[in-house]
Amino acid sequence: GFVAILGVLEGERVLTVDRVESPDFRRDVSEKGRSRWPYYPPRESRSIGAEYSLPASALGRVALAFLSPEELSEKLRNYQFTKLTPKTMVSKSELMAELEWVRGRGYSITDQ
């Protein structure tokens, strides 16, 4: 199942404004008590208003991908990359390549 999240840039984070979960996602959570991904937090831990890292979240990468080049440069000028999972991007060049992918497809995916 899938989840769509709406958010806004807030400083060096992205703030969750709303989220919609597919019926398959909700059924998976209710049947198993969690999603197929063992690291995904329970629903009560995924509330509206949560803040996420820009490069480490799909929502953050989408927000960054569609900034003007000047806004993106300013946003990343002093950004401190932090490894949150084994797959977290920790270099500006890696992030820029990912943002190009996001621009081409119009969406991003979080995998850990």
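These legends accompany close-up views of a predicted model.

**View 1**
The model is predicted, not determined by experiment. Along the sequence, the elements follow the pattern β-β-α-β-α-α-α. The protein has 112 residues, and 28% of them count as buried. Among contacts with a separation of 6 or more, 56% join residues 24 or more positions apart.

Mean pLDDT for the protein is 81. A value of 70 or more is reached by 78% of the residues. Where pLDDT is low, predicted coordinates should not be read in detail.

**View 1. Ala4 in strand 1.**
Strand 1 covers residues 3–10, and Ala4 is found there. Ala4 has a relative accessibility of 47% and counts as partly exposed. The cut-off for exposed is over 50% and that for buried is under 20%, so Ala4 falls in between. Leaving out residues up to four places away in sequence, Ala4 touches Asp18, Arg19 and Val20. Ser22 lies 18 residues from Ala4 along the chain. The C-alpha atoms of Ala4 and Ser22 are 8.3 Å apart.

**View 2. Thr16 in strand 2.**
Thr16 is buried, and its relative accessible area is 4%. Neighbours within four places in sequence are left aside here. Beyond them, Thr16 is in contact with Ile5, Leu6 and Gly7, among others. Its contacts also include Ile48, Gly49, Ala50 and Tyr52. Leu59 is another contact of Thr16, and Leu59 is itself one of the buried residues of helix 2.

**View 3. Helix 2 and its surroundings.**
Helix 2 is mostly covered, with 6 of its 8 residues buried. The buried residues are Ala58, Leu59, Gly60, Arg61, Leu64 and Ala65. They pack against strand 1, strand 2 (13–21) and strand 3 (51–53). They also pack against helix 3 (69–76) and helix 4.

**View 4. The crossing of helix 2 and helix 4.**
The two helix axes come within 9 Å and cross at roughly 80°. Helix 2 and helix 4 are therefore roughly perpendicular to each other. Helix 2 brings Arg61, Val62, Leu64 and Ala65 to the contact. Helix 4 brings Leu95, Glu98, Leu99, Val102 and Arg103. By class, the contact has 6 nonpolar and 3 charged residues, and no polar ones.

**View 5. The salt bridge between Arg61 and Glu98.**
The side chains of Arg61 and Glu98 meet at 3.8 Å, N to O. A salt bridge requires the nitrogen to lie within 4 Å of the oxygen, so this pair qualifies. Arg61 lies in helix 2 (residues 58–65) and Glu98 in helix 4 (residues 92–105), so the bridge ties together parts that are 37 residues apart in sequence. Is Arg61 buried or exposed? Arg61 counts as buried, at 6% relative accessibility. Glu98 is partly exposed, with a relative accessible area of 22%. Both residues also belong to the contact between helix 2 and helix 4.

**View 6. The salt bridge between Arg103 and Glu100.**
Their closest N and O atoms are 3.0 Å apart. Both residues sit in helix 4, 3 residues apart, so about one helical turn separates them. Arg103 counts as partly exposed, at 30% relative accessibility. Glu100 counts as exposed, at 52%. Arg103 also takes part in the contact with helix 2.

**View 7. The salt bridge between Glu74 and Arg77.**
Here the closest N and O atoms are 2.8 Å apart. Glu74 is partly exposed, with a relative accessible area of 49%. Arg77 is exposed, at 51%. The cut-off for exposed is over 50%, so Arg77 passes it. How many salt bridges does the model hold? The count comes to 3.

Methods: Residues numbered from 1 in each chain as written. Heavy atoms only, no water. Helix = DSSP H or I, 4+ residues; strand = E, 2+ residues; numbered from the N terminus. Buried < 20%, exposed > 50% of the residue type's maximum accessible area, 1.4 Å probe, protein only. Axes fitted to C-alpha atoms, helices over the stretch in contact; angles between N-to-C directions. Parallel < 35°, antiparallel > 145°, perpendicular 65-115°, else oblique. Contact = heavy atoms within 4.5 Å. Nonpolar A, V, L, I, M, F, W, Y, C, P; charged D, E, K, R; others polar. pLDDT = per-residue confidence, 0-100.
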